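Okay, thanks for coming, everyone. Let me put it up on the screen.

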Amino acid sequence: MRWAMGKGEPCLAALGSREQLEGWHRRGRWRRAASTCLGGHPAVSSPQAARRGTARPMATGNQPGMEAAGGPAACYRELSQFPAITRAALGAAAGGQTFLLYTECSRPDLPRRRLLRFSRHYSVRRTDGGGLAASRTALSAGIHNQLLSQDSPTGQHRAVLSRCPRQGHELLEVWDSGGRSHSVDLTALGKHGEVYTEGPFACLAWSQSETRLLYVAEKSRPKHRPPCPWDVPRAARSAEEDEDEEGEQFLYHEDWGEALSTRSVPILCVLDLESSSLSVLEGIPEHLSPGQALWSPGDRGVVFVGWWHEPFRLGLSACSNRRSEIFHLDLSSGCCELLSAENGAACSPRLSPDSQRLLYLEGAVGGPHRQCLRLCMLTWQTRQTVTVLDVVQEPTEAFAGLYTEVLPPRCWAADSRRAVLSTPQRSRTDLLLVDTEAATVTNLTAGSPEGCWELLTLQWDLLVATCSAPHHPPSLVVAVLPPAGRELPLRWVPVEDTPTVPGVTWKTLTVRPSCSGQSPAAHDTQDFEALLLSPLDGTAPHPLIVCPHGGPHAIFDARWRPSMAALCRLGFAVLLVNYRGSLGFGQASISSLLSRVGEQDVADTQLAVEQALHSEPLDPHRLALLAGSHGAFIALHLLIREPERYQACALRGPVSNLPALLGTSDIPDWRYTSLGLPYSFERVPCAEEVATMLLRSPIAQAAQVRTPVLLCVGARDRRVSPTQALELYRLLRARGVPARLLWYPEGGHALTGVETEADVFKNCARWLLQHLGQPRQDRTGQHSP
């Protein structure tokens, strides 16, 4: 089987053979060549050498017209060249011993201010000894205008949703293994609005017969009839009709908040490929918004997640605590059946290969926006549900709980008994194998040098995953899943390996709070962690940049982050703090932060700083803060508590005034929950509650700030209004504190986008260099303070 490749920019042909690439890498020439291709880098001669850090250093940018070698923009441009692998699919060739692996990748193209997307094709072959051998089979090909893609269950067809650049229409193309395609113009059919291509609702699901496709789109809204030249003004319409039309024209439509501001009323749509007919499924209760749909056994119905949107919608992005349940819509009877527990927060249904078991995640409604979830399984024939893995209050060495918001699209083993998923486990993200019958967990990647593993697909017991670390960009690897009980050790085979980045090293620091009082509560003694990234070369002690994460229920796992590695290349050490309340450390740790925001999280961050300064070669007189959202809330508190301690601060979308967020944020419930206050939809705060929120707000004590502050905000931020930063900026300026505000008109809360991300990093790095002192180069050519 050979997939037809779309029009694109060839990559490897311009660089030469694999042997030439390896030779160029050994001679230090690979970076200049890789900058001309879509892929961005070749493989090193051996993965073992890459992980030992013996690969040749990357050349620093000395090209004419570029920023001085090692400057912020040049460092960021250099380290952002490594592609992210976003999707993978397998197809089986004749004989069942060879598999065709298709991947989709992306990387920023900074000179053109765009995101490059491209595909890669590989052959994966089972060897006689039970191992695997992998090789590239085709040139990289550019992906243009593609919104979604999905392979059929047998791998014989691929569905691709794309947007026509001229008319803006959405087209759904289906390709077969012979390169033939069938296209349907969804926009021209006029049955719905835009298709949901990302976020919690999106899906593109094949029926088991491979004759129908299921997806989610925005419900069509009535369009107003434009006036015709021959109409007599107001003669054909009554006053009531005219009034109704005006009311609809300016009617407010709720949306799902940050990153989902164009999503309001999702509907399930089915495209019949044989007749090219499109239908909108009916029978879904009006109080539900459907998404994450798949076909039920025998294609007799549709399984979907239904989010409650009554009495009104709350922000859904990064919020696994919204009321949602799993339903089955029978297509013959129109009956909608509840499958999961009532009044829960269920998501991510996955049907086993034998169509007998449905696996899904479930959590509690309300409370922390992200939390430890339970893994549930429904037996399709009997409709009996069991909890395979429950919420973990206190982590053990073997298992810390489930914190992922979505299961991999294909996570079941061929035996329909075991499943594989990736989830944070303390400061790592590991691959876990779950035996659904024995309710046991096996960590497939514990102890590996890479700190972040993500499963792309599991088909025919062939695992395809990516692995990375703070000094190691993502690599693509495969492994055969052995029979039950013999999974370890798992033999990973590199498919597309990456070199480690020279000049960066990292370690995990364990921090234990000191006991307070004679009988400390459990949450007072829970340990937490911080990741320390340091320049490998240069003159110690290094200046330190402290980064508490946002959320607050999120995690800095040990993955590749180009911006953090770039800071190390500039001569800084970076401390990524996973204070108590972070994901991956048990539900008790998450709950411990409720009612203690602005206190426990701030103290934990400062404790991590003090421990790092005590045990590592760091300069205590050159400290800076770099954070966003709730992390910026923590950073501001640190500036207030110790106004002379930090010499610089750069913040993104900062939380500074809690009561002001009640009417401006898409998650007003968190303002109550974070302080231990109850929330209900009709909630109106009393004066005492507003006072409590204000007392916990950095803005109330901003007069204590002496440190120069850079603020970066997105004008379209729905989670933390940009007016929070504007208010703080004005106050700092009024008191003579050096302050600078960067306002990104199209930016949201995360300040994503190729140009925006690069500009934010460049300005933050320059701000830190300006106020901590310009680094100098030692004789190795690396930056040092």
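By a pair I mean Phe, Tyr or Trp rings (for Trp, the six-membered ring) with centres within 6.5 Å; planes under 30 degrees apart are stacked, over 60 edge-to-face, and the rest tilted. Take Tyr196 and Phe201: the ring centres are 5.7 Å apart and the planes sit at 80 degrees, so this pair is edge-to-face.

Before I go on, a word on what we're looking at. This is a predicted model, so local features need a pLDDT of at least 70 and side-chain atom pairs a pLDDT of 80 or more, while totals for chains, interfaces and linings use all residues. Residues are numbered from 1 along each chain as its sequence is written, and side-chain values use heavy atoms, with hydrogens and water left out.

Are they buried or exposed? Tyr196 has a relative accessible area of 0%, so it's buried, and Phe201, also at 0%, counts as buried. Buried here is under 20% relative accessible area, exposed is over 50%, and partly exposed is in between (1.4 Å probe, protein chains only).

Phe201 also pairs edge-to-face with Trp307, at 4.9 Å between centres and 65 degrees between planes. That one ties together distant parts of the chain, 106 residues apart: Phe201 is in the loop between helix H6 (186-189) and strand S10 (204-206), and Trp307 is in strand S15 (residues 301-308). Helices (H or I, at least four residues) and strands (E, at least two) are DSSP runs, numbered from the N terminus.

Now over to Ser697, in the loop between helix H14 (687-695) and strand S35 (709-714). Ser697 has 0% relative accessible area, so it's buried too. What does its side chain reach? A polar atom of that side chain is 2.9 Å from the backbone nitrogen of Leu658, and one is 2.7 Å from the backbone oxygen of Met693.

Last thing, confidence. The average pLDDT (the predictor's confidence in each residue, from 0 to 100) is 88, and 85% of the residues score at least 70. But residues 1-66 stay under 50, and residues 776-785 are below 50 as well.

Key: Contact means heavy atoms within 4.5 Å. A polar contact is a pair of N or O atoms within 3.5 Å; within protein, one must be able to donate a hydrogen and the other to accept it, and residues adjacent in sequence count only if both atoms are side-chain atoms.
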